[in-house]
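Subject: Structure handover and notes

Dear colleague,

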Amino acid sequence: MSTLRSQSRWCPLEQQLLQKRNSRENWDRFIPNRSAMDFDYAFYMLTHQGSSTRKGKENPPRYGEGYRKLLAEAMNMNRSRILAFKNKTPPRVELFPSNFSSDKHTESNPPKARRRYISQSADRTLDAPDLMDDYYLNLLDWGSSNVLAIALANTVYLWDATDDSTWELATFEDERGPVTSINWAVDGRQIAIGLNNSEVELWDTTASSHVITLRGCHRLRVGSLAWNNHILTTGGMDGRIINNDVRIGSHIVVETYRGHEQEVCGLKWSASGQQLASGGNDNLLHIWDNRSYSRTQWLHRLQDHTAAVKALAWCPFQRNLLASGGGGNDDRCIKFWNTHTGACLNSVDTGSQVCALLWNMNERELLSAHGFTQNQLTLWKYPSMFRIAELTGHTSTVLSMAQSPNGCTVASAAHETLKLWNVFGDPKEVKPAPKADPEPFAHLNRIR
């Protein structure tokens, strides 16, 4: 029984080696192969042949050389080798399968992708005189038609990145200006312009013509704008957030959100158009949901920030993931939120005021713009939040950032300076954007 048990535990590899050891084959060509040897003849050659040679020197043989050759052929005594060896080395026994070999394993792996080079200096620097040095305003945006819009005092200028042309779109009187916010529509043709006198104008950039003016929505300046298809959302210094339907000649107020006690300085719709994130100077972050029973009641009221919340960015590859940044030296944090549950997933102290956030559309990376002390752009690897690179060059607070339609180039605006950075890679090397991770029960607002 003990023998059977021990044999049952043998692995197939050990049994194979044991069978080959017990076989008649000999695995070393330098050890005589006994199965191919004639021991009687070998004994005769070692004993009689040696003695006959010695005797031959003393007593010459009685028979001639010819007779001895015939006798050797007849008796099969013309073999010259006493020991027999194998002709060639047998194949090597592999104790492990070939796919476990380190050399073959590395050869099967594709070569590592070339690490992306990130230039520490801006690709281009443009003058932006009269750019208002106000943290709470949003004066820069890049449209889907590859046209960059920037507001300088009372005037909105457009720069076409395709042909490098620049022109003036609109200039407003001192009684209405300065311009306090701009935001492109999804089609890349229309642009919304918020003014200091609480009005909002809609312009057609292809014809350089005024379309409509929104009046009576706010009592103070409009510092933030966000589009959701045909709905234009405006955020004012009065703390109100208003959804305007601008499909007809005169706008229609669809909803009014009340939750902020001070100026609304950040507005961002999610890619699905179902959730709106709003940040204010009251250090509050609200999540509004179109699918909730009360559309004008916030879904989540998040109070973890200790400074104004202007920097907002929805993740392009994971639903219900929002990044927010706190301004001022009291906060300095980037926080990540699950907007479905309202949970704070992570908080990172950046060491300086967070003014703007942008996700890389082709990699899992996040770019942040900062103020005092270094006024830098920081590229983070998500979700480890490892600092990949820090881009310096601005001499004052980086007030705003905008991303090109292909997702590669970033424009940053500071005091009287506009810089273009190729921080997210070469357009020729851009990979497809990662698919969004489905959120469980994302289509439901509440689970009963």
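Which residues does K419 touch, not counting residues up to four places away in sequence? K419 touches A122, R124, T125, G393, H394, V410, A411 and S412, where contact means heavy atoms within 4.5 Å. Before going further, please note that this is a predicted model, in which local features need pLDDT of at least 70 and side-chain atom pairs count only at pLDDT 80 or more, while totals for chains, interfaces and linings use all residues. Residues are numbered from 1 along each chain as its sequence is written, and side-chain values use heavy atoms, with hydrogens and water left out.

To stay with K419, this residue lies in strand β28, residues 417-421 (strands are DSSP runs of E with at least two residues, numbered from the N terminus). K419 is buried and yet has no salt bridge, since the nearest side chain of opposite charge, D127, is 8.8 Å away. Here buried means under 20% relative accessible area, exposed means over 50%, and partly exposed lies in between, with a 1.4 Å probe and protein chains only. Lys and Arg count as positive and Asp and Glu as negative, whereas His and the chain ends are not counted, and a salt bridge is a side-chain nitrogen of Lys or Arg within 4 Å of a carboxyl oxygen of Asp or Glu. What K419 does have is a polar contact of 3.2 Å with the side chain of T125, made through its own side chain; a polar contact is a pair of N or O atoms within 3.5 Å, and within protein one must be able to donate a hydrogen and the other to accept it, with residues adjacent in sequence counting only if both atoms are side-chain atoms.

Now to the salt bridges, of which a search of the whole structure finds 12. One of them joins the side chains of E199 and R176, at 2.8 Å from N to O. Because E199 lies in the loop between β7 (190-195) and β8 (200-204), and R176 in the loop between β5 (165-171) and β6 (179-184), this pair ties together parts that are 23 residues apart in sequence. E199 counts as buried at 14% relative accessibility, and R176 counts as buried at 18%.

Another salt bridge links R295 with E255, their closest N and O atoms being 2.9 Å apart. R295 is in the loop between β16 (285-289) and β17 (300-302) and E255 is in strand β13, so the pair ties together parts that are 40 residues apart in sequence. R295 is partly exposed, with a relative accessible area of 36%, whereas E255 is buried, at 9%.

The side chains of E390 and R387 also meet in a salt bridge, at 2.7 Å from N to O. E390 is partly exposed at 27%, and R387 is partly exposed at 34%. Elsewhere, salt bridges that share partners join R176, E199, E201 and R215 into one network.

T213 is found in strand β9, residues 209-214, and is buried, with a relative accessible area of 15%. Its side chain makes a polar contact of 2.7 Å with the side chain of H210.

Note on methods: Helices (H or I, at least four residues) and strands (E, at least two) are DSSP runs, numbered from the N terminus.
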